[in-house]
Amino acid sequence: MRRVNYSFTEINDKNNVASNDRGLHYGDGFFTTGLVKNGRLVFADYHLERLNQAADKLNFTDWKGPFVLSEVLSQLRDRSEDLLLLKIAITRGASQRGYAAIGTEQYSVLYSANPYQPSQKNTPIKLCISSYPVSKNKYLAGLKTLNRIDQVLAATEAHQLGFDNALMCYEKFVVCTTNANLFFVKEKDVVTPLLSEYGIEGICKKTVKSWCKELGYQVYEKPIFKSDLAHFEQAFTTNSVIGVTPIKNILSQEYLNFNLAEVLQSRFNQLVNSTV
């Protein structure tokens, strides 16, 4: 196995990405976004798992996940802010022209960290149903790659139509929003879409599933059809930065019960605040 060098760059007004970086030209890379509290990454183990899975699937040989996270966090050690929004993107680095990775690249670790003020209680949101489908690719399903054009189109459409976000589907199947996983509730059953062929396996999603079980709910991960939306009593989204956000409307379908989402958001806030 070849040894790979790593370059670390904080993205700001002074630093630029190389003009021939493969992440810029081909989306050849992956990323994660999370909160840093008192110098520690919230959900650190899950973020590392996400990066490791993507590196393996995308054939980033000689990948050193713990080293990458440790090095980035060490660069933030002197920051005075209590809470930071951190994004880490890894690309295969700069290379000659052409799609093929020829094995001489140096991995680029690009990161940004900005002050963040969380919401104690997220306002219920209204969703449209996007006319843009999510891309189906069983091999890449669950990964957070740099290719996010589906979400760009759907988020832009939602903004233009006056909605807070967009429900994204593949044909008749409900998948996600542009930046979050979905949960639906009926009585004591909690259902989240099965993401075996599309979508991103969210970091907050894993924790929320376990919290729901602790609260006495049965949690199911299975296909959800657009025709099922009228059968649920509650709906909410999960995101590792925002937390748990109740859904008020999906087009004309209303959800007026936000109880579980509010309990889960309180737990999310407690988890973030207890990170030391």
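Of the 276 residues of the protein chain, 48% are buried, where buried means under 20% relative accessible area, exposed over 50%, and partly exposed in between, with a 1.4 Å probe and protein chains only. This is a predicted model: local features need pLDDT of at least 70, side-chain atom pairs count only at pLDDT 80 or more, and totals for chains, interfaces and linings use all residues. Residues are numbered from 1 along each chain as its sequence is written, and side-chain values use heavy atoms, leaving out hydrogens and water.

Now the overall form. The C-alpha atoms fill a box of roughly 55 × 40 × 35 Å along the principal axes.

On to salt bridges, meaning a side-chain nitrogen of Lys or Arg within 4 Å of a carboxyl oxygen of Asp or Glu. How many does a search of the whole structure find? The search gives 12 salt bridges.

One of them pairs Glu 49 with Lys 206, with the closest N and O atoms 3.0 Å apart. That pair links distant parts of the chain, 157 residues apart: Glu 49 is in helix α2 (residues 44–57) and Lys 206 in helix α5 (residues 203–214), helices being DSSP runs of H or I with at least four residues, numbered from the N terminus. Glu 49 is partly exposed at 32%, and Lys 206 is partly exposed at 29%.

Next, Lys 64 and Asp 62 meet at 2.8 Å, N to O. Here Lys 64 is partly exposed at 25%, whereas Asp 62 is buried at 12%.

Last, Glu 201 bridges to Lys 205 at 3.0 Å, N to O. Shared partners join Glu 201, Lys 205, Lys 209 and Glu 221 into one network.

Conventions. Helix = DSSP H or I, 4+ residues; strand = E, 2+ residues; numbered from the N terminus.
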